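Student: Hi! Could you walk me through this model?
Tutor: Happy to, let me put it up.

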Amino acid sequence: MTDPLDFSGKQVLVIGGSGGIGNGIAQGFRARGGDVIVTGTRPDAGDYLEAEDSDFNGLAFHQLNVSDRDAVSALAAEIGPIDVLVQSQGVVRYRRQEFTREGWDAVVDVNLNSVMDAARAFHAGLTEKGGAMIVVSSVAAFKSTIGTPAYAASKAGATSLVKTLGEAWARDGVRVNGIAPGLVPTKLTSVTTEHPERLEASLRSIPLRRMGTPEDMAGAALFLASSLSAYVTGQTLVVDGGLTLS
């Protein structure tokens, strides 16, 4: 019997896979046999090994700045058709910077515009492979985040885009789904996770009483990319330990 979670021979691209949730997802696919490419904004993987707790074992690396609206098309032309596209790029700007036009535009460009840029660039290849696209958004898509309006709005936009592309691309044989993580320790959440009082307060609001891990998100991504979810498209799976239940 074929293992539905065996990705041997499958080409997987994780945009934003150089660290955090994206890196955990990339390693999840690699552990299941996938040929995995990750992208990051730094020139090479060595820069991340010095600056972040990233694992590039078994992964290929390409530099990609998704703020360059043409760069992802060039990458798609370079690497060709893929079986799985995971979009895990994301930024946030704290201290009310997102209330400014510059801050708003910078966040929306990465968190929403680049998602459609990448979807557009890889659509033909995913169609050729009968592949799957997974967009990593956030539970911020479903609630207020008082200090970061661009982050919340862009993540809500990403979940809406998943619905629309899930329906539009079903006829092409491409399934589109998303993951909405809760509190996971990454650079973006360090304002909470690295402050004991804030972290303790956050944990009290999570029914499972712990933060999520990149490996938790990898499990969801593997499911959504596999035949186990063959009848699922246009959905965003909330993976938050119960945070948004009340």
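Here is our chat about a few helices, loops, strands and a pocket.

Student: What should I know before I start?
Tutor: This is a predicted model, where local features need pLDDT of at least 70 and side-chain atom pairs count only at pLDDT 80 or more, while totals for chains, interfaces and linings use all residues. Residues are numbered from 1 along each chain as its sequence is written, and side-chain values use heavy atoms, with hydrogens and water left out.

Student: Great. Which residues of helix H3 are buried?
Tutor: In H3, residues 71–79, the buried ones are Ala71, Val72, Leu75 and Ala76. Buried means under 20% relative accessible area, exposed over 50%, and partly exposed in between, with a 1.4 Å probe and protein chains only. Helices (H or I, at least four residues) and strands (E, at least two) are DSSP runs, numbered from the N terminus.

Student: Why are they on the same side of H3?
Tutor: Because they cover an arc of only 140° around the axis. The arc is that of the directions from the helix axis to the C-beta atoms. As background, an α-helix has 3.6 residues a turn, so residues three or four places apart point the same way.

Student: And what do those buried residues pack against?
Tutor: The partners are strands E1 (11–15), E2 (35–40) and E3 (60–63), together with helix H4 (101–129). Contact here means heavy atoms within 4.5 Å. Just after H3 comes Gly80, with a positive phi of about 80°.

Student: Let's take E1, then. Is Val14 buried or exposed?
Tutor: Val14, which lies in strand E1, is buried, with a relative accessible area of 0%.

Student: What does Val14 touch?
Tutor: Leaving aside neighbours within four places in sequence, Val14 is in contact with Gly22, Ala26, Val36, Ile37, Val38, Thr39, Val86 and Ser88. Val14 and Val86 are 72 residues apart in sequence, yet their C-alpha atoms are 4.6 Å apart in space.

Student: Where are Arg95 and Arg209 found?
Tutor: Arg95 is in the loop between strand E4 (84–87) and H4, and Arg209 is in the loop between helix H7 (196–204) and H8. Arg95 is exposed, with a relative accessible area of 82%, and Arg209 is exposed at 53%.

Student: What about Arg210?
Tutor: Arg210 also lies in the loop between H7 and H8, but counts as partly exposed at 42% relative accessibility. Setting aside neighbours within four places in sequence, Arg210 is in contact with Leu203 and Asp216. The side chains of Arg210 and Asp216 make a polar contact at 2.9 Å. A polar contact is a pair of N or O atoms within 3.5 Å; within protein, one must be able to donate a hydrogen and the other to accept it, and residues adjacent in sequence count only if both atoms are side-chain atoms.

Student: Which backbone oxygens does the Ser229 side chain reach?
Tutor: A polar atom of the Ser229 side chain lies 2.8 Å from the backbone oxygen of Phe223, and the side chain reaches the backbone oxygen of Ser226 at 3.2 Å. Ser229 sits in the loop between helix H8 (214–225) and strand E7 (236–239), and counts as buried at 0% relative accessibility. Not counting residues up to four places away in sequence, Ser229 touches Arg175, Phe223 and Leu224.

Student: Back to helices: where is Tyr151?
Tutor: Tyr151 lies in helix H5, residues 149–168, and is buried, with a relative accessible area of 14%. Beyond residues up to four places away in sequence, Tyr151 touches Val91, Val92, Glu98, Val107, Asn111, Ser138, Ala140 and Leu188.

Student: Last one: which residues are closest to the centre of the second largest pocket?
Tutor: The second largest pocket has a volume of about 270 Å³. Of the 17 residues that line that pocket, Phe7, Lys10, Ala225, Ser226 and Ser227 are the closest to its centre. On a 1 Å grid over the protein atoms alone, a pocket is an open set of points where a 1.4 Å probe fits, with protein on both sides within 12 Å along at least five of seven lines, and lining residues have an atom within 4 Å of a point. The volume is the space filled by probe spheres set on the points.
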